[in-house]
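Visitor: I have a model open and a few residues I would like to ask about. Can we go through them one at a time?

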Amino acid sequence: LIFLFSYSTLMASEEAKYNIVKKSDIYEIRYYSDRLIVQVPNKGDNNSFRKLFKYISGENKNSEKIAMTVPVTQTKKDGKMLMQFYLPSKFNKETTPVPTNPELEIITIPEGFFAVIKFSGRSSDRNFEKHNKILKQKLSEDNISIKGDAIRATYNSPFTLPPLRRNEAMFNIDWKN
């Protein structure tokens, strides 16, 4: 049990950096600067994760191993589900290894403000939707405009016990300090 807990907390070496600009009893608003990611269409099976994992394991034009970061995100864009791995901050557009899999795409997520609600347990559709709705309702009550679809963020390996897992539902928002 100790091994599994240690493994899950040591799995990723870097987390996407952010600043908390507001915190309520339900959610927090974070400012993220530009973030470089690798993404692939998510067809609802484990193949999306495998494709991204192969990329960071050296299946790229440099055969370079890339450290795992957190979170792993899933979002919808143009009606298509995507799974995304954040790339370590040491990379930029010019130094990022080019994927050998043509389904993978390297993009920059532009800076912005995101409203986030944290939850533990499994990152099931049901658990995510429950927290997504809570966040959406609270943002509406607080007159905060949402820009785009909900983002599912997971931080732990599948070996982490559900009560110890960190998951988040996020929305890009229109925020004025």
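Visitor: What does Y18 touch, leaving out residues up to four places away in sequence?
Guide: This is a predicted model. In it, Y18 touches E28, R30, Y31, Y32 and R166, not counting residues up to four places away in sequence.

Visitor: Where does Y18 lie?
Guide: Y18 lies in the loop between β1 (14-15) and β2 (19-23).

Visitor: Is Y18 buried or partly exposed?
Guide: Y18 has a relative accessible area of 24%, so Y18 is partly exposed.

Visitor: R166 was on that list. Which residue does R166 meet in a salt bridge?
Guide: The side chain of R166 meets that of E168, at 3.0 Å from N to O.

Visitor: Why would two side chains do that?
Guide: Side chains can pair when they have opposite charge and their charged atoms come close.

Visitor: How accessible are E168 and R166?
Guide: E168 has 0% relative accessibility and counts as buried. R166 is partly exposed, at 22%.

Visitor: How many salt bridges does the structure hold?
Guide: There are 11. One of them joins K176 and D174, at 3.1 Å from N to O. Salt bridges with shared partners also link E15, K23, E28, R30, R166 and E168 into one network.

Visitor: And K176 and D174, exposed or partly exposed?
Guide: K176 is exposed, with a relative accessible area of 63%. D174 is partly exposed at 37%.

Visitor: What about K138 and E141, how far apart are they in helix α3?
Guide: K138 and E141 are 3 residues apart in helix α3 (residues 125-141), so about one helical turn separates them. Their side chains meet in a salt bridge of 3.8 Å, N to O. K138 is partly exposed at 22% relative accessibility, and E141 is partly exposed at 46%.

Visitor: New topic. Where is Q84, and which side chains make polar contacts with its side chain?
Guide: Q84 is in strand β7 (residues 80-86). Its side chain makes a polar contact of 2.9 Å with the side chain of Q39. Another polar contact, of 2.7 Å, joins the side chains of Q84 and T73.

Visitor: Buried or exposed?
Guide: Q84 is buried, with a relative accessible area of 6%.

Visitor: What else does Q84 touch?
Guide: Leaving out residues up to four places away in sequence, its contacts include I37, L52, I109 and T75.

Visitor: Where is T75 found, then?
Guide: T75 is in strand β6 (residues 72-77). T75 counts as buried, at 12% relative accessibility. Among the residues that T75 touches are K80, D149 and I151.

Technical notes: Residues numbered from 1 in each chain as written. Predicted model: local features only at pLDDT ≥ 70, side-chain atom pairs only at ≥ 80, totals over all residues. Heavy atoms only, no water. Helix = DSSP H or I, 4+ residues; strand = E, 2+ residues; numbered from the N terminus. Buried < 20%, exposed > 50% of the residue type's maximum accessible area, 1.4 Å probe, protein only. Contact = heavy atoms within 4.5 Å. Polar contact = N/O pair within 3.5 Å; in protein donor to acceptor, adjacent residues only side chain to side chain. Salt bridge = Lys/Arg side-chain N within 4 Å of Asp/Glu carboxyl O.
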